[in-house]
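Me: I have a model open and I want to learn how to read it. Where do we begin?

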Amino acid sequence: MEGSTDKLVIAQLCDPQIGFRDYPGELAAFRRAVELINAGNFDAAVICGDLVHVNDEKSYDDIRRALDRLTVPVYCAPGNHDIGGPDPVAAIERYRDKIGKDYFAFDLKEYRFIVLNTQLYQQAPALPAETMDCWLRRELDEAVAAARKAKLNNV
């Protein structure tokens with residue numbers, strides 16, 4: 001918001017991809033990142049895709065235990081390794097079960113963030129994007145309406 005003095009500090013991680021080359025080493029590095037985030041002064045952590053290299057139970061269980069150690073809210077967007085593979089429908093269900101929603105919105109301070117599952121576009125028609133598209137339109141319409149209302153109230 002205009003005139004706000006509150007800082008918003010977000011730790012952003014991309015492609016931890018546990019299991020890409022060195023599973024134990026990559027998991028240890030991710031755990032170290034969690035420690036550093038916890039030691040910092042962050043409002044939240046955002047992870048942009050590819051939490052794991054192979055979206056199996058072990059990988060998700062290991063990354064989930066590491067994520068659960070975070071002392072700030074964490075928001076994860078899925079990547080192609082998280083929900084890809086020969087059966088993307090099963091992979092997305094596993095992601096939702098182990099990690100959480102694959103598209104969503106969240107608020108931090110006076111800001112609204114929207115996270116999309118772009119794999120719904122990449123893997124169509126196996127994973128239809130129409131539901132997410134309708135949801136996104138509603139989110140954007142609500143944001144525009146809220147901004148207009150705030151502008152009217154501040155005039």
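**Reading the fold, step by step**

Reply: We begin with one residue. Gly49 is buried, because its relative accessible area is 5% and buried means under 20%. Keep in mind that this is a predicted model.

Me: Where is Gly49 placed?

Reply: Gly49 lies in the loop between E2 and H2.

Me: Which residues is Gly49 in contact with, leaving aside its neighbours within four places in sequence?

Reply: The contacts of Gly49 are Cys14, Asp15, Pro16, Ala77, Pro78, Gly79 and Asp82. Gly49 and Asn117 are 68 residues apart in sequence, and their C-alpha atoms are 9.3 Å apart in space.

Me: Now the strands. How do I read the two faces of one?

Reply: Side chains in a regular strand alternate between the two faces of the sheet. Now take strand E1, residues 10-14. Ala11 and Leu13 make up the covered face of E1. Ile10, Gln12 and Cys14 make up the uncovered one.

Me: In which order do the strands form the sheet?

Reply: The order is E1-E2-E3, in an open sheet of 3 strands with parallel pairing. E1 and strand E3 (74-77) are the edge strands, each pairing on one side only. On average, neighbouring strands are turned by 15° against each other, direction ignored.

Me: How many bridges hold each pair?

Reply: E1 pairs with strand E2 (residues 44-48) over 5 bridges, in the parallel sense. Cys14 has Cys48 in E2 as its bridge partner. E2 and E3 are joined by 4 bridges and also run parallel. There, Ala45 has Val74 in E3 as its bridge partner.

Me: Where does helix H1 pack?

Reply: H1 packs on the sheet and touches E1 and E2. The direction of H1 makes about 170° with that of E1. Follow the chain as well: E1, helix H1 (residues 23-39) and E2 make a right-handed β-α-β unit.

Me: And how do I describe two packed helices?

Reply: Two packed helices are described by the angle between their axes and the distance between the axes. Here the axes of H1 and helix H2 (residues 57-67) come within 9 Å and cross at roughly 20°. So H1 is roughly parallel to H2, since angles under 35 degrees count as roughly parallel. The crossing of H1 and H2 is right-handed.

Me: Which residues meet between H1 and H2?

Reply: From H1 come Tyr23, Leu27, Phe30, Arg31 and Val34. They meet Lys58, Ser59, Asp62, Ile63, Ala66 and Leu67 in H2.

How values were computed. Residues numbered from 1 in each chain as written. Predicted model: local features only at pLDDT ≥ 70, side-chain atom pairs only at ≥ 80, totals over all residues. Heavy atoms only, no water. Buried < 20%, exposed > 50% of the residue type's maximum accessible area, 1.4 Å probe, protein only. Helix = DSSP H or I, 4+ residues; strand = E, 2+ residues; numbered from the N terminus. Pairing = 2+ DSSP bridges. Right-handed = clockwise from strand over helix to strand, strands pointing away. Axes fitted to C-alpha atoms, helices over the stretch in contact; angles between N-to-C directions. Contact = heavy atoms within 4.5 Å. Parallel < 35°, antiparallel > 145°, perpendicular 65-115°, else oblique. Left-handed = near helix turned anticlockwise from the far one by under 90°.
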